[in-house]
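Hello,

Please find the structure below. My notes on what was found follow it.

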Amino acid sequence: MTQSLIFDMDGTLFQTDKILEASLDDAFERLRSEGKWDAETPIEKYREIMGVPLPKVWEVLLPDHSLEEREQTDAFFLERLIQNIRIGKGALYPHVQGIFSHLKDNDYSIYIASNGLIEYLNAIVDYYGLDQWASETFSIQHIESLNKSDLVRHIVDKHEMTSGAVVGDRLSDIHAAKDNGLLSIGCRFDFAREEELAQADVIIEDLLELKALFPAKKQGIK
């Protein structure tokens, strides 16, 4: 039986959409005010690549800008995201806390693995108290390659996982599961793409569906 679950954060546990557009628009408004951008905020292009590490995001959104300008925009965007989290503009997906409680009560280990940056992830974990259920949160910053499969491998090795599942909404999560011999559970949520979900072992539309996949254990049996 699967004993450990590794959850993606953005688009899986956290409804990033609630703070994404406002934060991204703030970042591009700053560029516009500096005469470094003269078009609409590329929110749709960002949605298409949602889930990749932020350095790669800015390579796509700002291909003609210098590395320094990308880094400055990245830092400002991160500030706006964290501020919006801390003032309560974001939200978890329905039933996150309920399914986390169910899993922990039944001795399943919970980890979070995200392409998000450490400070950003800590803001979400702290605001919603996710650390009362999740054993540890891992950022892509912990891995030099910036590869989600490598991040999951790091978790598997560190915690000596022999079986488990990765729960996420994008192809990087599905690949991370398969590359590490884990069950891939695709979430048909806001940023999910059907052609990517088709590669998952299981597809869910609500986190509560995990209760059927990881049921309560009989008392006295671990």
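The protein chain has 10 helices and six strands; these are DSSP runs numbered from the N terminus, with helices being H or I of at least four residues and strands being E of at least two. The model is a predicted one, in which local features need pLDDT of at least 70 and side-chain atom pairs count only at pLDDT 80 or more, while totals for chains, interfaces and linings use all residues. Residues are numbered from 1 along each chain as its sequence is written, and side-chain values use heavy atoms, with hydrogens and water left out.

Overall shape

The C-alpha trace of the protein chain spans about 65 × 35 × 30 Å along its principal axes. The radius of gyration is 18 Å, which agrees with the value near 17 Å that a compact globule of 222 residues would have. That radius is taken over C-alpha atoms, and the globule rule is 2.2 Å times the number of residues to the power 0.38.

Of the 222 residues, 50% count as buried. Buried means under 20% relative accessible area, exposed means over 50%, and partly exposed is in between (1.4 Å probe, protein chains only). The protein chain exposes about 10,600 Å², and carbon and sulfur atoms supply 45% of that area. Accessible areas come from the Shrake-Rupley method with a 1.4 Å probe, and for residues only the protein chains shown count as cover.

Among contacts in the protein chain with a separation of 6 or more, 66% are between residues 24 or more positions apart. Contact means heavy atoms within 4.5 Å.

Aromatic residues

Rings of Phe, Tyr and Trp (its six-membered ring) pair if their centres lie within 6.5 Å; planes under 30 degrees apart count as stacked, over 60 as edge-to-face and the rest as tilted. By this rule there are 10 aromatic pairs. One of them is edge-to-face, because the ring centres of Tyr46 and Phe77 are 6.1 Å apart and their planes are at 65°. Tyr46 lies in helix 2 (residues 43-49) and Phe77 in helix 4 (residues 67-86), so the pair ties together parts that are 31 residues apart in sequence. Both Tyr46 and Phe77 are buried.

The two residues also belong to one aromatic cluster, made up of Phe28, Trp37, Tyr46, Trp58 and Phe77. Trp37 sits in the loop between helix 1 and helix 2. Beyond its neighbours within four places in sequence, Trp37 is in contact with Phe28, Leu31, Arg32, Pro42, Leu61, Leu62 and His65. In the case of His65, the C-alpha atoms are 9.7 Å apart and the residues are 28 apart in sequence.

Buried residues

Met9 is in the loop between strand 1 (4-7) and helix 1 (17-33). Its relative accessibility is 0%, so Met9 counts as buried. Neighbours within four places aside, the contacts of Met9 are Phe14, Ile112, Ala113, Ser114, Leu121, Ile124, Val125 and Leu130.

Leu81 lies in helix 4 and is buried at 5% relative accessibility. Not counting residues up to four places away in sequence, Leu81 touches Ile19, Ser23 and Tyr120. From Leu81 to Val167 the C-alpha distance is 23 Å, and the two are 86 residues apart in sequence.

Ser149 is part of helix 7 and is buried, with a relative accessible area of 7%. With residues up to four places away left out, Ser149 touches His175, Ala176, Asp179 and Asn180.

Positive phi

Leu146 is not a glycine, yet it has a positive phi of about 60°. Leu146 is found in the loop between strand 3 (136-139) and helix 7 (148-158), and at 29% relative accessibility it counts as partly exposed. Glu160, also not a glycine, has a positive phi of about 50°. Glu160 is in the loop between helix 7 and strand 4 (164-168) and is exposed, with a relative accessible area of 68%.

Regards
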